[in-house]
Amino acid sequence: MTKRTSRRLLALLLCALTLSGCTAKRETASPPPAGAGILPAASAEETPDPAHKTTGIGFYFDTVVYLTLWGAPESLVQEVWDECARYEQLLSKTVEGSDVSRINQSGGETITVDPETWEILHRAKEISQLTGGAFSITLAPVTALWSFTGMETNTVPTDETRLAALELVDDTQLVLGENYTVTLPAGMQIDLGGIAKGYIADKVAALIRDKAYAGIISLGGNVYTVGVKPDGSRFGVGITNPDEPRSSKAVIYTEGCTVVTSGTYERGFNFGGVRYHHILDPKTGWPAQSDLLSATFVMDSSMTADALATACIVLGSEKSLQLAASQGLDAMFILKDGSVLLTDGFEEKYNYLPQ
Ligand code: AMP
Ligand code: MG
């Protein structure tokens, strides 16, 4: 999608939000008012009042980003957008000259990347190993065959192209060397779409936390709550109902942690009477066919949660529960039959409230 098309999409989304209110999977307070472009919606002077609320909406990584801050100066909103823009320039596979583009165009040569890119690649490889390849950033040649943006003609790849692209999927082939060097065999491609937003959410949360403000960033499926509300209570985060994505299946109450959801409802298209969604199984190259509609992790690292949530859609409920338990993580899974699975202690820890 071109930048111009993206901006047009943002304008449409902002109109839609004005008309319809806000979708779930973000803080349950009233939605930020809409406008055009990337803006702080409330105009506030530098203010020390901890109850003062400032909101903004941005658009990065083809994703609408919501920011709500308490007690913070308006300049922090701009600081957050500057960070998001910087990461987009570094990590987007569609930005010419980004680290990801440079890796994809390296033709097998070793190149040096930004330490932050290297850190994400390192974690991505660890999670690929942990999930038996269900999470694979080298899936890019396969994702390139599909279009889930809704902006282009949707097609289903032929078996021939799909199987040829699958030959290029193997995260162990991505070699990370000393001094932030990266080597990717010629022909292979990477895509950080399943993990980068989590990394950015972590960094934005740190920015808010370091200045001792309270706030919420919602970046696609990645929500990070920092601190507590001015009245001292926890933030409520709605977990999207996959059957009715404008409503919540449940609300949970968190303090200083991230809530990350991957869902098959997020992006997709219908073709020949079949719905195809955007989380692909690296073993088949088809949209994952497990029993899960959504996977949510609640923890401190949004980057890890992002990658794990994507992987769980591929793995299915049984393996996902085992994975969460083995890593001592809190998770919630919504199944195709409408049932919900929670890890031990989840309900009490987050005041789980079904909707
Ligand atoms: P998320 O919304 O975090 O679940 O990430 C979905 C995005 O990650 C997709 O739009 C693709 O760019 C990429 N992706 C899809 N399937 C996988 C997978 N199995 N492993 C890693 N990344 C994936
Ligand atoms: Mg993800």
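Lysine 349 is partly exposed, at 44% relative accessibility. In this predicted model, its salt-bridge partner is aspartate 330, and the closest N and O atoms of the two are 2.7 Å apart. Aspartate 330 belongs to strand E15, residues 330–335, and lysine 349 to helix H10, residues 346–349, so this contact ties together parts that are 19 residues apart in sequence. Aspartate 330, with a relative accessible area of 11%, is buried.

How many salt bridges are there by this rule? The count comes to nine. One of them joins glutamate 79 and lysine 211, with 3.4 Å between the closest N and O atoms. This pair links distant parts of the chain: glutamate 79 sits in helix H2, residues 74–91, and lysine 211 in the loop between helix H7 and strand E7, 132 residues apart. Glutamate 79 is partly exposed at 31%, and lysine 211 is partly exposed at 37%.

A further salt bridge brings lysine 93 together with aspartate 191, at 4.0 Å from N to O. Lysine 93 lies in the loop between H2 and helix H3, while aspartate 191 lies in the loop between E6 and H7; the pair therefore connects parts 98 residues apart in sequence. Lysine 93 is partly exposed, at 40% relative accessibility.

I turn now to a sheet. Three strands form an open, antiparallel sheet in the order E4-E6-E5. Strands E4 (110–112) and E5 (175–176) are at the edges with a single partner strand each, so one side of each has no neighbour in the sheet. Three bridges join E4 to strand E6, residues 181–183. Among the paired residues, threonine 110 has threonine 183 in E6 as its bridge partner.

Definitions and conventions
Residues are numbered from 1 along each chain as its sequence is written. Chains are lettered from A and ligands numbered from 1 in the order in which they are written. This is a predicted model: local features need pLDDT of at least 70, side-chain atom pairs count only at pLDDT 80 or more; totals for chains, interfaces and linings use all residues. Side-chain values use heavy atoms; hydrogens and water are left out. Two strands pair if DSSP finds at least two bridges between them. Helices (H or I, at least four residues) and strands (E, at least two) are DSSP runs, numbered from the N terminus. A salt bridge is a side-chain nitrogen of Lys or Arg within 4 Å of a carboxyl oxygen of Asp or Glu. Buried means under 20% relative accessible area, exposed over 50%, partly exposed in between (1.4 Å probe, protein chains only).
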